[in-house]
Amino acid sequence: MSRTSPGDFSVKPVLTGDKAVLRPFREADAEVMAEIVEDPEVIRLTFEPDTAITMERLRAWYGSRSDHTDRLDLGVTDRVTGELVGEVVLYEWDPAARSCTFRTLLGPKGRGRGLGTEATRLILAYGFEQLGLHRIELQAWAHNHRALRVYEKVGFVVEGVRREVHLRDGEWADEVLMAILDHEWAAGAGVSATAR
């Protein structure tokens, strides 16, 4: 694959790994994503509890992802079955710093099988090796232990913790700030996004 222009999020690639395939979203994905975002664990680890998500909003959202040139939203699918199990996103593009923010969510059918780890590696490889990003950062709840393990495994480094930033279910939640830099990715990733 030839390298795209730095920060050229207008290209919506298909990225294939051993277990996962990342592909552009279609409006028809809204039904599956509705099930995923209604999963109690997804709500607990991702959304504000009172976020109103309607099917109309989801159809409009997922139907328009390919139109956005300032971000990259890709569906995570199981390579064997083709089933949509979640999403990965690069957004908040800062051209001057060649940086952006990463987020992901996986529904129940995508957990515990290495799909999230591989999907994260695939999109990081694309961000650094094809888009020429210098820095990719993220924020995660401190109680999202599974995600934090994945992020550390693929090379993200904890840069700080915002302590007790949100009251969730009667308890204060910390937010962990993490990032990975292009030279860190190059030092540990090798040629293949799935080689690690």
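Me: How many residues line the largest pocket, and which lie nearest its centre?
Reply: 41 residues line the largest pocket, and L45, T46, R103, T104 and L105 lie nearest its centre. A lining residue has an atom within 4 Å of a pocket point. This is a predicted model: local features need pLDDT of at least 70, side-chain atom pairs 80 or more, while totals for chains, interfaces and linings use all residues. Residues are numbered from 1 along each chain as its sequence is written, and side-chain values use heavy atoms, without hydrogens and water.

Me: Why is this space called a pocket?
Reply: A pocket is an open set of points on a 1 Å grid over the protein atoms alone, where a 1.4 Å probe fits, with protein on both sides within 12 Å along at least five of seven lines. Here, about 1,100 Å³ of space lies in the largest pocket (the space filled by probe spheres set on the points, joined across faces, edges and corners).

Me: What makes strand 1 (15–16) and strand 7 (157–168) edge strands?
Reply: Strands are DSSP runs of E, at least two residues, numbered from the N terminus. They pair if DSSP finds at least two bridges between them. The open sheet has 8 strands, in the order 1-2-3-4-5-6-8-7. Strand 1 and strand 7 each have a single partner strand, so one side of each is left without a neighbour in the sheet.

Me: How do you know that strand 5 pairs with strand 6?
Reply: 3 bridges join strand 5 to strand 6, and at least two are needed. So they count as a pair, and they run parallel.

Me: What is the average confidence of the protein chain?
Reply: The protein chain averages a pLDDT of 87 (the predictor's confidence in each residue, from 0 to 100). 89% of the residues score at least 70.

Conventions: Helices (H or I, at least four residues) and strands (E, at least two) are DSSP runs, numbered from the N terminus.
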